Amino acid sequence: MTEVAKKSSVEQAIRPPRSQWWDVWDQFKTHKGALVGAAFFLFIVLAVIIGPYIWHIGYETIDIRARNQAPSFAHPFGTDQLGRDTFARMLKGGQTSVAVGVTAMALSLVFGTFIGVVAGYFKKLDGPLMRFTDLFLALPLLPLLLVIIMLFRDPLRAAFGPESGIFILIVFVIGITSWMQTARIVRGDVLALKEREFILAARSIGTPNRRMITRHLLPNVLSPIMVSATLGIANAIITESALSFLGLGFPSDFPTWGRLLFDATDYLQQYPERVIWPGLAISLTVLAVNYIGDGLRDALDPRIRGR
Amino acid sequence: MLNFTIRRLLMAIPTLLFISLVIFLLLELAPGDPMANVPLTVPPDVKEKMREALGLDQPTYVRFLKWIQQFFWVEPIHLIDSLFGTHWGEGMQRVISWQTRSPVMDIVAQRIPQTLWVVGLSYVLGALIAVPIGVISAYKQYSIFDQLGTFISMIGFSVPTFFTGVLLIVIFSVYLGWFPSIYDTTLKVHDWHTFTLQVKQMIMPVFVLALYNAAQISRFMRASMLDNLNQDYVRTARAKGLSEKVVVVVHVLRNSMIPVVTVIALGVPQVFGGAIITEQVFKVNGLGQLLITAINANDLPMVQTLTFIFAILIVLFNLIADILYGVLDPRIRYD
């Protein structure tokens, strides 16, 4: 009896230490949808980054004789009304859409985490910061986004060039209108963490506030932040396409998935298949990201992970 | 309860003031000149007169206060006038659209029915579909029904409405030709034939929005049911010998409806905002489409008013959700 117990404890001691992230990965693997979603999202990201270098037709190349063609070997997704290759435009558009999604998500995460940690950690700032968050939650976001873009589009275009100007504007407006959920979740977690013993211990050895936040609080609120990161990407991609779809996003010679969809709706009666590609790309990417988020939520929740 | 309601009502006032300030300042700080579209041949002193006529020569805070006054005092008085045929509001300056030179609120009143019909119906339908789906998928967790429901609702909120809408148009208008792709607002329902036409043109936009809403609400319903199904009081109810139907419908469903009802209330204004896209897809000339045309025409008073109406809707439904929560859950009321 004691022999066996000793043996197993020795075995446990010999087994190489497993970090928490291996457990998370093991749990994540059991979620089929999340795994497929992650693979698909990785595929999309690689395709839009590397694809334009490999594919031989440029996204701006106009071949007016080959306009309005159905999908063929030379043009896998067909061509548009100016004879531009839809496949090349999809790759380029995906690049912009994914870039907007990731950058806007990063911006909103940084902002949301900052507000959440500060509000949770410093008691004096909690009230004002949370009222501020509530006020932001009460703003009508889509109408405001449209209004902001209408008002600031031209000056920013003049300042940074037509493409990067609108990129900065769209990333910025999506970022500053989607940080509220993250801030609330992070604040809640920080408030709960503050009552734990290790925080008390850290404080009693004289850890300064800055260290306290970067060393003890931030690593522990990482999991909700990661989940809201995935949801943030999905949200940002949808918002960008919605803005482009309403004609208030990127200019038409600069493709994004939403813009391609918007342009294709003009030819809905003649070439209905043209709306399918960008629509499918947006939907599948968002679906994949949402599944990743679902899997991550399960994987990062210690109560579920053990089972 | 009255105390609770009054406290919440008072808290809504600063929120509304803040939002109106944000909207006003946003348009104020924005570069661009309302006189930009006036022809260059108009001499500068005439332009100056036109500015004065629009009240643009006043300092910012005066214009803000005037706008607030117009919005909260003059417009409600005109509403009362038009409802009861009184003449209190005569001679008062209303909010005028720069596009049509007519009062903004009159145009808004013309557009509201279309939005309400399409958006409201789809929301009600979405909620009605979502609740049973959520209940069944939670009761039979991990069954085929649950898996399927989860998958469909995942699709429902991943696929943006502007794609589902366009897809439906491609299938049902272009290929099959069953439904019209453009919503005809001039259609008056007076007999059976026009009624079927009206139903036909409403099916697609309502379906798109209903799918989207049902996806979200059914997730909440499922999660909330799951939370309650494992509670001790459910075991007690079963141990008392109550039938399974009574346990689920009377005990569990009632308790899990509390968060869901507030989610439904909170979702209403977002639906109005989200409907901007659907209205654009199906060419429904409702509030959303009005906002888009006003933005494209640089019609600032219209944009201001519409954005503010959306903001009021959000604050109002937040308030309703809060009060509903207090009514449904006594623990909230007494904190």
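User: What share of the 335 residues of chain B counts as buried, and what makes a residue buried?

Analyst: In chain B, 33% of the 335 residues count as buried. For chain A, 42% of its 307 residues count as buried. Bear in mind that this is a predicted model, where local features need pLDDT of at least 70, side-chain atom pairs count only at pLDDT 80 or more, and totals for chains, interfaces and linings use all residues. Residues are numbered from 1 along each chain as its sequence is written, while chains are lettered from A and ligands numbered from 1 in the order in which they are written.

User: What makes B:Lys283 partly exposed?

Analyst: B:Lys283 has 14 other C-beta atoms within 10 Å, so it lands in the partly exposed group. B:Lys283 sits in the loop between helix H9 (244-282) and helix H10 (287-296) of chain B. There's a backbone detail too: B:Lys283 isn't a glycine, yet has a positive phi of about 55 degrees.

User: Why are H13(A) and H6(B) called oblique to each other?

Analyst: Helix H13 of chain A (276-300) and helix H6 of chain B (residues 161-175) pack at about 140 degrees, with their axes 10 Å apart. Those axes are lines fitted to C-alpha atoms, for helices over the stretch in contact, and angles run from 0 to 180 degrees between N-to-C directions. Under 35 degrees counts as roughly parallel, over 145 as roughly antiparallel, 65 to 115 as roughly perpendicular, and the rest as oblique. At about 140 degrees, H13(A) and H6(B) are therefore oblique. The contact is made by A:Gly279, A:Ile282 and A:Ser283 of H13(A) and B:Phe163, B:Val166 and B:Leu167 of H6(B).

User: How many of those contact residues are nonpolar, and how many polar?

Analyst: The contact of H13(A) with H6(B) has 4 nonpolar, 2 polar and no charged residues. Ala, Val, Leu, Ile, Met, Phe, Trp, Tyr, Cys and Pro count as nonpolar, Asp, Glu, Lys and Arg as charged, and the others, Gly among them, as polar.

User: How many residues does each chain bring to the whole contact?

Analyst: Chain A gives 32 residues and chain B gives 37. On chain A's side, H6(A) supplies the largest share, 11 residues. That side divides into 26 nonpolar, 6 polar and no charged.

User: How do you know where confidence is lowest in chain A?

Analyst: Check pLDDT, the predictor's confidence in each residue, from 0 to 100. Within chain A, helix H1 (residues 2-14) has the lowest mean, 57, and helix H9 (residues 197-204) the highest, 90. Chain A's mean pLDDT is 81, with 91% of its residues reaching 70 or more.

Technical notes. Two residues are in contact if their C-beta atoms, placed from the backbone, lie within 7 Å. Helices (H or I, at least four residues) and strands (E, at least two) are DSSP runs, numbered from the N terminus. A residue is buried if 20 or more other C-beta atoms lie within 10 Å of its own, exposed if 12 or fewer, and partly exposed in between; C-beta atoms are placed from the backbone.
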